[in-house]
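Grab a pencil and let's work through a few exercises together. Try each task yourself before you read its solution.

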Amino acid sequence: MSEQQIEQKGYAHPEALVSTDWVAKHLNDLENVRIVESDEDVLLYEVEHIPNSVKIDWVEDLNDPLVRDYLDPEKFARLMGEKGIGPDTKVVFYGDKNNWWATYALWVFRLFGHDNVAVMDGGRVKWQAEGREMTLEVPSVPTAEYPTPTRDDSAIRAFKADVENHLQANGPMIDVRSPGEYSGELLHMPDYPQEGALRGGHIPGAANVPWARAAREDGTFKSADELKEIYEGEAGLAGGDDVVAYCRIGERSSHTWFVLSYLLGYDKVRNYDGSWTEWGNSVGAPIER
Amino acid sequence: MDRKERVAFLVDHFGNPRHKGVLEGADVQMPGGSPECGGSVVVYLKGDGNGGIEGLAWTGQGDTISMGATSIIMERVRNEDVTLREVLDLDYEVFVDSLGRDVIGSRTRNATLGLSTLKNAARKYQRDRRTQTEKRASA
């Protein structure tokens, strides 16, 4: 897969995606580029990974171990240093499950103002399908100095109060969970009872677009026209909308946030990471079924 | 084993799963888990009629931890001739400790998918045997 094929898909910000060809050509550029694998299956990196890539674990690395929140700026700076990422390093994410966790990691990087980011279109599956090199070797990357950043949640993250205001203003929302979760039949994903909620349903007015509809079978993103058909044709969004996306804990909706922000060019999209585990457990929160 | 060796052990079981496949003539076929969340397995169990295990196998798909840990527990039970009663006494915490907390992290549910399904299979086998015995006694 090449950059030309990405260009042809008509995205608002095609630079937010790189091809497997691009990664193959740049994987030895340890000074300027860091390839980061972030998977749902947290030991996949240990099974094999793209040469010179480093691993970021969404639970252990990106979450605060005590408070329900992401890591603080000091820890982020330390993590970047360990992974050999400087403030100007171009970070290219890839992972399993249609880059689900790759986009989540990218979203967390953006909270800390690390904007030089991209996703490898097609993720791990595409790289492997093309028969490209994988390795067990963990690279020794040069440690980097990363000044402690400021975390700015306001632009791309929504808290419950923001969602309440958004609801009052009849702002558009996308619920990216499965139809069963959206309709309220399922209070949690099978086998994830700890991420359940006391009430089922969705935030009033939210449209349901399961996150993975943005991906093709080979793991790459659908073209801008195909995505517009889904998010604008079916879900009723319009360019320029201020959109809130949510799921259960904010990971699936980070994928949709990426699609709307980078691929379709919506300027104001926020990911509500409190999502249904917060809303569906909150006393008095309005719910629709 | 250090962390690296424990990871390699799990990854080896994931890549070369032991006792994987359908067991023809099994007394119990017990499903567990979910393909969307970590993994799903089916445990096939055949008892020897005296509280022991004559045959044990499993099928499934899922992530490295759930599949690797299922293979590890199946091999352990087979190699050590663990009885049905002993299967029910196996401790989840001890099993996760043996895999390595530093490897499993918060994915204890994935790590114990195989063991919990095996326990369910053992319980079903014992229940079925009791029902048969009661039927015979009342016949």
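**Exercise 1.** Is A:Asp153 buried or exposed?

*Solution.* Before we start: this is a predicted model, where local features need pLDDT of at least 70 and side-chain atom pairs count only at pLDDT 80 or more, while totals for chains, interfaces and linings use all residues. Residues are numbered from 1 along each chain as its sequence is written, chains are lettered from A and ligands numbered from 1 in the order in which they are written, and side-chain values use heavy atoms, leaving out hydrogens and water.

Step 1: get the cut-offs. Buried means under 20% relative accessible area, exposed over 50%, and partly exposed in between (1.4 Å probe, protein chains only).
Step 2: look up the value. A:Asp153 has a relative accessible area of 15%, so it's buried.

**Exercise 2.** Which residue does A:Asp153 meet in a salt bridge?

*Solution.* Step 1: recall the term. A salt bridge is a side-chain nitrogen of Lys or Arg within 4 Å of a carboxyl oxygen of Asp or Glu.
Step 1: find the partner. That's A:Arg157, at 3.1 Å from N to O.
Step 2: check the partner's surroundings. A:Arg157 is buried too, at 2% relative accessibility.

**Exercise 3.** How far apart are the closest N and O atoms of A:Asp69 and A:Arg157?

*Solution.* Step 1: read the distance. The two form a salt bridge at 3.1 Å.
Step 1: A:Asp69 sits in the loop between strand E3 and helix H4, and A:Arg157 in the loop between helices H6 and H7, so the pair ties together parts 88 residues apart in sequence. (Helices are DSSP runs of H or I with at least four residues, strands are E runs of at least two, and both are numbered from the N terminus.)
Step 2: compare with the cut-offs. A:Asp69 is partly exposed, at 23%.
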